[in-house]
Amino acid sequence: LMIWPFVELGFQAAWLVYGVFGLAVISYPPVWGGGSTTTLLALAHVAGTLWAIQFIKACDYTTMAAAVAYWFVTTNVEKDG
C-alpha cells in the first residue's frame with residue numbers, strides 16, 4: 001500500500017506526456033491548416049487528457065478502497081473453534 005501511489009503517479013505522468021505531445025502535433029500549423037479546426041481539436045484533446053488523468057485517479061481510489069475493504073472483511077472474521 002505504500003508504493004501504490006507511485007504507480008498512479010507513473011500512469012498520470014505518462015498520460016500527461018502523451019497529452020503534451022498530442023497537443024504539440026495538433027497545434028503544428030501545417031498539419032491541420034490552422035483556424036477553428038485546430039482550436040477545436042486542441043480543446044477536445046486537452047479536455048480528453050484531463051478526463052483521462054481524473055479517470056486514472058478514480059481507478060486508483062477504487063482499487064485502494066477494494067483492497068482495504070477486502071483486508072478488513074477477511075481479517076475480522078471470527079475464527080471457528
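This is a predicted model: local features need pLDDT of at least 70, side-chain atom pairs count only at pLDDT 80 or more; totals for chains, interfaces and linings use all residues.

**Aromatic pairs**

I searched the whole structure for ring pairs and got 2 aromatic pairs. One of them joins Trp 15 and Tyr 18, in a tilted arrangement with 5.1 Å from centre to centre and 50° between the planes.

Where do Trp 15 and Tyr 18 lie? I found both in helix H1, which covers residues 4-27, and they sit 3 residues apart, about one turn of the helix.

Trp 15 has 34% relative accessibility, so I put it down as partly exposed. Tyr 18 comes out at 46%, so it is partly exposed as well.

Then the other pair: Trp 51 and Phe 55 are stacked, with centres 5.3 Å apart and 15° between the planes. I label that one stacked because its angle is under 30 degrees. Both Trp 51 and Phe 55 belong to helix H3 (residues 36-75), 4 residues apart, again about one turn of the helix.

Is Trp 51 buried or exposed? I read 58% relative accessibility for Trp 51, so it counts as exposed.

**His 45**

I stayed in helix H3 for this one, since that is where His 45 is placed. His 45 has a relative accessible area of 15%, and I note it as buried because that value is under 20%.

What does His 45 touch, leaving aside residues up to four places away in sequence? My list reads Tyr 18, Gly 19, Gly 22, Leu 23 and Ile 26.

**Whole protein**

I finished with the overall numbers. I count 3 helices and 0 strands, and the pattern along the sequence is α-α-α. The protein has 81 residues, and 16% of them count as buried. His 45 is one of the buried residues.

For contacts with a separation of 6 or more, I get 59% from residues 24 or more positions apart. The accessible surface comes to about 6,400 Å², and carbon and sulfur atoms hold 77% of that.

Technical notes:
Residues are numbered from 1 along each chain as its sequence is written. Side-chain values use heavy atoms; hydrogens and water are left out. Rings of Phe, Tyr and Trp (its six-membered ring) pair if their centres lie within 6.5 Å; planes under 30 degrees apart count as stacked, over 60 as edge-to-face and the rest as tilted. Helices (H or I, at least four residues) and strands (E, at least two) are DSSP runs, numbered from the N terminus. Buried means under 20% relative accessible area, exposed over 50%, partly exposed in between (1.4 Å probe, protein chains only). Contact means heavy atoms within 4.5 Å. Accessible areas come from the Shrake-Rupley method with a 1.4 Å probe; for residues, only the protein chains shown count as cover.
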